[in-house]
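Subject: The structure we talked about

Hi,

Here is the structure I promised to pass on. Have a look at it first, and then read my notes below.

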Amino acid sequence: VLVVLIFGGTYVSARNTMVRKNEAIKSDWAQVSVVLERRADLIPNLVATVKGVAAQEVTVFTAVANARANLMNAQSPKDKIAANQQLDGALVKVLALTENYPQLRSNESFLRLQDELAGTENRIAVERRRYDNAIQDYNAYIGQFPNNVFAGWAGFQRNDAYFAATPAAQQVPKVEFPAAKQ
């Protein structure tokens with residue numbers, strides 16, 4: 001009777017721990033979902049703000065984009081010097097713009113949204129790490145003896161829903177300015 005009570009108590013304790021760890025995974029996933037939704041809500045505002053900035057400053061940024069493209073396409077030293085001078089002139093326009101209008105409302109909005117997005121990306125990273133740690137803790141617990149036996153009896157299975165970097169995340173993002181209309 002004592003052996004059955006000890007065994008039964010061990011089983012109940014292990015099962016309760018498995019339930020608690022499984023619920024921790026669900027809770028951590030809910031937190032990941034919250035920060036992912038936050039990012040999804042911020043992106044349309046960021047895009048709208050960038051469009052607003054681009055509409056106000058399209059000539060300046062078009063000049064910078066054209067000058068940069070000319071510099072990248074220049075073959076001879078003479079062409080590179082001319083393109084570099086063109087780029088210098090375009091950059092002077094950018095500096096003049098920021099000096100003449102140091103507190104553009106749209107730019108402040110963009111910077112604020114950009115900071116919000118960066119903060120959200122950091123939150124996502126933290127919550128993903130917590131979620132992955134909860135899964136690792138759960139998997140380690142149900143993999144240990146005698147918990148693996150109890151997990152099988154109670155229907156608990158390994159959870160391999162870890163966040164993993166996609167192959168696309170290995171690629172360096174390419175930033176391009178749209179070509180100016182001639």
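Which residues of helix 4 are buried? They are N147, F150 and A151, where buried means under 20% relative accessible area, exposed over 50% and partly exposed in between (1.4 Å probe, protein chains only). Helices here are DSSP runs of H or I with at least four residues, numbered from the N terminus. After helix 4 comes G155, which has a positive phi, near 85°.

Before you go on: this is a predicted model, where local features need pLDDT of at least 70 and side-chain atom pairs count only at pLDDT 80 or more, while totals for chains, interfaces and linings use all residues. Residues are numbered from 1 along each chain as its sequence is written, and side-chain values use heavy atoms, with hydrogens and water left out.

Now for the rings. A search of the whole structure finds 6 aromatic pairs. Rings of Phe, Tyr and Trp (its six-membered ring) pair if their centres lie within 6.5 Å; planes under 30 degrees apart count as stacked, over 60 as edge-to-face and the rest as tilted. One of the pairs is F7 with W153: the centres are 5.8 Å apart and the planes are at 65°, so this pair is edge-to-face. F7 lies in helix 1 (residues 2-73) and W153 in helix 4, so the pair ties together parts that are 146 residues apart in sequence. F7 is partly exposed, at 43% relative accessible area, and W153 counts as exposed at 53%.

Another pair, W29 and Y131, is tilted, with 5.3 Å from centre to centre and 55° between the planes. It also links distant parts of the chain, with W29 in helix 1 and Y131 in helix 3 (residues 105-143), 102 residues apart. W29 is partly exposed at 38% relative accessible area, whereas Y131 is buried at 6%.

Back to W153, which sits in helix 4 (residues 147-154). Together with F7, Y11 and F150, W153 forms one aromatic cluster.

Technical notes:
Helices (H or I, at least four residues) and strands (E, at least two) are DSSP runs, numbered from the N terminus.
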